[in-house]
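My entries follow in the order I made them.

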Amino acid sequence: MKNKEISYEIIDFSGETNVQFRTSVDPGSYIPTHWHRAIEIIYMQEGSLDVTVESESFTIHEGDCILVNGNVLHSTKCTAPNTAILLQIPLDFMAKYIPDLGQLIFLWDYRTEDPVKKTKLMMLKTTLEQLQVINDIRPDGYLLRFNSLIFELLFQLYHNFSVKVFHQNINQRQKEMDRLDPVLNYIAEHYKEPISLDEIADIACLQTGYFCRFFKKKMGVTFLEYQNEYRLSFIYKDLITTKDPVHVILERHGFTNYKLFRRMFLEQFGDTPTKIRKQRESL
């Protein structure tokens, strides 16, 4: 995964299908708070995944299927290997076929016991499984079948899971995300370096004090906390995929305060880096 992609600000959508679809085999990852201009569907097939969507945190397991709406803040954490179907559909593509998309969000309760809702969700899961099969096999005419299934899924989303929302709220959220876009892109490019508050506030074209309040309100953490979380995501990946010493990994990703790192790591992963590495090696 390229450095900038960890925030999922830029998604490599296929020119042939207009979506990103893949079977994600994740050895372990921590993706800090981010959003993208696409809906994201995660269908767990093996293992589990910790997810936070805005202020709600939960864990999904094998058989669970969730949707994250476009421009909605979320983060994920995988502390043991898992496998999932991942589908991301850009809002611009959806808007061509779904009327008044800007006034809609898509919702379902992946834990519902309502028989009608369970049936609708099962239909969607079946479509995802069919997409996975055709994507893996890729027979002659693959694109015809794949794209027909994407449109079948869009039809299900529109008729079974769409909810109208107040348009003004959508416009305000979009303005706020547009303000944050260059900030997060700048962090992605310079996260290894010290970034001053004045420097990052200039990127947002805001006064420093106002920027600090704005960032904390929208992202749920301070700018410095977010930058360190971003660094931590790369550090965790290197910790479980390389044998490099911890201090070398920290230096590689610009984390200079070891005491703060240990505290943040313990809060996120429940143990020390050395113990986490040993646990992963024993899997």
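**Entry 1, helix α6.** I started with Y210 and F214, which are four residues apart in helix α6 (residues 208-219) and so separated by about one helical turn. I took helices (H or I, at least four residues) and strands (E, at least two) as DSSP runs, numbered from the N terminus. The model is predicted: local features need pLDDT of at least 70, side-chain atom pairs count only at pLDDT 80 or more, and totals for chains, interfaces and linings use all residues. Residues are numbered from 1 along each chain as its sequence is written, and side-chain values use heavy atoms, with hydrogens and water left out.

I looked up accessibility next. Buried means under 20% relative accessible area, exposed over 50%, and partly exposed in between (1.4 Å probe, protein chains only). Y210 has 44% relative accessibility, so Y210 counts as partly exposed. F214 has 11%, so F214 counts as buried.

Which residues of α6 are buried? I found F211, F214, F215, K218 and M219. Down the axis of α6, these buried residues fall within an arc of 100°, so they line one face of the helix. The arc is that of the directions from the helix axis to the C-beta atoms. The face turned away from the buried side of α6 carries the exposed residues R213 and K217.

The expected span is 1.5 Å times one less than the number of residues. For the twelve residues of α6 that gives 16 Å, and the end C-alpha atoms are 16 Å apart, which agrees. Just after α6, G220 takes a positive phi of about 85°.

I searched the whole structure and got 23 aromatic pairs. Rings of Phe, Tyr and Trp (its six-membered ring) pair if their centres lie within 6.5 Å; planes under 30 degrees apart count as stacked, over 60 as edge-to-face and the rest as tilted. The rings of Y210 and F214 have centres 6.4 Å apart and planes at 10°, so I logged the pair as stacked.

I then took Y236 and F269. This pair is also stacked, at 4.2 Å centre to centre with 5° between the planes. Y236 lies in helix α7 and F269 in helix α9, so the pair ties together parts that are 33 residues apart in sequence. Both Y236 and F269 are buried.

What lies over the face of F269? I found K77, at 5.6 Å from the ring centre. The test asks for NZ of Lys or CZ of Arg within 6 Å of the ring centre and within 35 degrees of the ring normal.

In α10 (residues 273-281) I listed P273, I276, R277 and R280 as buried. Seen down the axis of α10, they fall within an arc of 100°, so they line one face. Their cover includes α7 (223-241), α8 (246-252) and α9 (258-269).

**Entry 4, strand β6.** From β6 (residues 65-68), C65 and L67 point one way, I66 and V68 the other, and all are buried. Strand β3 (residues 38-46) runs antiparallel to β6, and four bridges join them. Two strands pair if DSSP finds at least two bridges between them. Y43 has C65 as its bridge partner in β6.

Technical notes: Contact = heavy atoms within 4.5 Å.
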